[in-house]
Amino acid sequence: MDLFGKPLTVVNIGLQIFSDSLRAQQVEVIDVDFRPSPYDAPRLTHTRHGIDIEAANTEAVRRIASGKAILTGLGIAREVIPGMGERMILHAGPPITWDRMCGPVRGAIIGACLYEGWAKTPEEAIDLAASGEITFEPCHHHHAVGPMAGIVSPSMPVWIIENPPFGNRAFCTQNEGLGKVLRFGAFAPEVIERLEWMERVLYPTLDRAVRSLPGGIDIKNLIAQALYMGDECHNRNKAGTSLFLRAIGPALARTCADGETLARVISFIDANDHFFLNLSMPAGKALSEPAEGIAGSTIVTTMARNGTDFGIRVAGLPGRWFTAPAGRVKGLYFPGFTEADANLDMGDSTITETAGFGGMAMAGAPAIVKFVGGSPQDALDATLEMYEICASEHDSFLMPALNFRGTPLGIDIRRVVETGISPRLNTGIASKEPGIGQVGAGLLRAPIECFVAAFEAMREA
Amino acid sequence: MIVQTLVKPGEYRDSVALMLLARELGNLPGVGNVSVVMGTPANRALLVQAGLLTPAAEHATPNDLVIAVQARDAATAAAACRQAEQLLAAQATGAVSSTSGALRPRSLRTAVRALPQANVAVISVPGPYAAAPAWDALRAGLHVLLFSDHVSIEDEIALKEYARDHGLFLMGPGAGTAIMNGIGLGFANAVPRGPVGIVAAAGTGLQEVSALLAQAGSGITQGIGTGGRDVSEQVGGIMMLEGLKALQADSDTRVILVVSKLPSPAVADKILAQVRQSDKPTVLALMRAQERIQNSEFRILNSNLELSNLLTAFDLREAAALAAALARGEDVKNVYKQLAAEDRKLHLKANSLRRPLNARQRYIRGLYSGGTLCEEAMRIWQAELGEVWSNAPLDLRYKLPDSAKSKRHTAIDLGEEEFTLGRPHPMIDNTLRIQHLFREARDPSVGVIVLDVVLGYGAHPDPAAELGPAIAQAREYAGQQGRFLNVVLSITGTEDDPQNRTRQAKAFKQAGAVIAPSNAAAARLASWIVK
């Protein structure tokens, strides 16, 4: 028996008297901080059809971890996004109808209608949107993701991220900037003008530059580097944005003949600390998608909000959304704003946590506490806590602050329900009034009801 | 009397810590009933039963701590609640794991990640939550002491099969004791190292034989606990056999001692077949199966008893004595001589203790904290006296209709579930046993009360400090009623135990108890007093 003769090192889960006794015998022992699950959560090891869940999860995590996210170019939504209809608008979060949409999402749809020329005034746009003539679908149903309102209309240019080992692609618009922008529900003329500039000037300039690079730009690699530099690539993207500018700079300079355009494009990127978010998000999407549909897997492949509902999807239950009301973000507000101004949690940006960075990597981004509140120790603890609910650890996204440990990867709904710990999210807070912009940033947890519902569904699967 | 409750959301403590806290609050002046529990449905039902549930506590979840206090007035109740908060806060800062500073792991899986060299998991969470960490532990390559009860038999079998196939021990469920590499896990005694290896499907049985070996100047290599249900027909003795094999293969183990409460006949046969695989002298203490050997189910066992390296023992006293002798290379005939000599002394002592009793005082009352020790006593009393009533009788005809009302000769196993639901085990807390002790002392037909006192890690830090005065009080009460009352006890413990056997024995003697050298000796002595 391999135990005889060896020093004992013990894990104690349960009565404290036993670990006390072991300490009295000079044995090294660690106590588990056990708390009973508040839910009826028997440990699921197999599905009803006998599929081994651990094995399925191992495969899901393997796919997410081994994927690549290469920026190969840009394209116009109607041309490159599969299934993009002519009178279709994609939005963030789970499916939702116009009547239930929140202020910022409606505002963004109004802006998109004006931008597309489907309506000449906001009133016309509202009538059109309410009429049923426009099809509203989640970005996630079309291999796309969008931050905040996440609105994508047919004429908008999108980044194209490819995952060559698995052959899938993901799409996202370019980040417009901060403040009065479409994604926060603004639709004033300057918003539309900016969108037009992005289509006319920004898009072709970036596209030429990217396509001039034979291997494209490895976004996953930039994320890994940014995580070493204090970003988590969801709420802090400064380093990522800077790294991206370095990666594309020479190609931009070579392929953009007009110096003024070049300067404007570089300035546009430079002025926006979150420019990289719209690359890290589709990277997360591209990396996560191959795990969808793995029979028996309890790994989360999507977390997304539309400003009204929060929804998740699970690898072993493809095509099914599990939703709950979107939550209130608890955080710090920009001067002049309070909680009364806040919209509920919104956006597809939680694809970052799903793919193993974002909030999962908070231990590497202590500066974030200046925006979301708390102390640097809280940032460390936030990541440490997430290991409790994740199936594995990343081998590419590492955190120096945790001795180069990989980020928590693969949220397992079983562990969420067992521990009562739901994913910790840090996010921007939008004004509930369309067109105002971001009013703060903060923290919240994904609603645990989604995971409980998904768990129940898994028991029946 | 008014009842006040305080709910502390998200605060969790283990059941023993909470019950000891409740007891401390209950000692405050003006405070009656106190309950400090997690808000599980089962606990809320207990609060209802105790008249302690208030609307505030009704909505508590299993993750919330509920402090329920019954007191003479609102001010006293409030003060008690405040005291509870202070004690909880003090507990929280004290209860820091060896990896202080960082967030404590919330699951066994992440604990192993934090302590990668871990090789054993001790699991004592409530039964419904126990199988999951047991699986996590086995998959991480850890051996497991599964102290928890109420794990399904299907889970037990699956866990044990996996463990066996991966060269791991899964000790339990319901395994209270193991001693591995000289370290006590669960409730265990500090026993010197020596050449005897023990595998036991009986927790206090393992404690008793290991302590007796220590008393005999011997020691143990390993004490493997399998949990009582291991030797049932369905489980098939999986861990009993693995333990036996491991001890047979272990070069430090020269003598093997097997303790088991009633194994199924098929399992008994498997044990014997395995014993046959080794030359090592093996002592078999099969408790009740001893009596069954003659009957047809156990005839296989009977016909195999001629193995040359096998000795059977009627009780744990004999088992330990045989093992010690074999370890010393002595002739076992001496053991039987010594036991006979001890019995003669016990007879003499019994005679002197019988004299002061009156004619009415004809009955024994045994109050046991260890299930195996209770069973051992009942077997001895059955042989010596005939019928023995109990809440867990050998013969179902003698099951007490009311466990609180003893009949004639009675042995109570206070570790049984009916007594431990919602309270700490009698090895940790003496309150219930003392109540029973006083009840028996008031019964004029009682001639001797017998107790087992189990020392060791995990047990009450100073049983004599509480039981001693209770014994003295009980005897004094009987004296005031014109009766002499015998209290006989044995101490399962060693000098190295935190409680120190010698000090405990001295204190009990001063209280007026008669101390026998083993549980079996105590049972014999008691039976001869009333015979």
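A polar contact is a pair of N or O atoms within 3.5 Å; within protein, one atom must be able to donate a hydrogen and the other to accept it, and residues adjacent in sequence count only if both atoms are side-chain atoms. Keep that in mind as you select chains A and B together: 24 residue pairs, both at pLDDT 80 or more, are in polar contact between chain B and chain A.

Before moving on, note that this is a predicted model, in which local features need pLDDT of at least 70 and side-chain atom pairs count only at pLDDT 80 or more, while totals for chains, interfaces and linings use all residues. Residues are numbered from 1 along each chain as its sequence is written, chains are lettered from A and ligands numbered from 1 in the order in which they are written, and side-chain values use heavy atoms, with hydrogens and water left out.

**Stop 1: the interface**

Now pick Leu103(B), Arg106(B) and Arg109(B), which supply 14% of the area that chain B buries against chain A, more than any other three residues.

**Stop 2: a salt bridge**

Show the side chains of Asp136(B) and Arg43(A), which meet in a salt bridge at 3.0 Å, N to O. The term means a side-chain nitrogen of Lys or Arg within 4 Å of a carboxyl oxygen of Asp or Glu, and the count between these chains is 2.

**Stop 3: strands across the chains**

Next, select β1 of chain A, residues 9-13, along with β4(B): they pair in the parallel sense over 4 bridges. Strands here are DSSP runs (E, at least two residues) and helices are runs of H or I, at least four residues, numbered from the N terminus; strands pair if DSSP finds at least two bridges between them. Val11(A) has Ala121(B) as its bridge partner.

**Stop 4: inside chain A**

Go to helix α13(A), residues 376-386, where the buried residues (under 20% relative accessible area, 1.4 Å probe, protein chains only) include Ala379(A), Asp381(A) and Met386(A). The buried residues of this helix pack against α12, β14, β15, β16 and β17 of chain A.

Finish at Asn278(A), in helix α10(A). Asn278(A) is buried, with a relative accessible area of 1%. Leaving out residues up to four places away in sequence, Asn278(A) touches Pro147(A), Trp159(A), Cys172(A), Thr173(A), Gln174(A) and Asn175(A).

How values were computed:
Buried area = accessible area lost by both parts, 1.4 Å probe. Buried < 20%, exposed > 50% of the residue type's maximum accessible area, 1.4 Å probe, protein only. Contact = heavy atoms within 4.5 Å.
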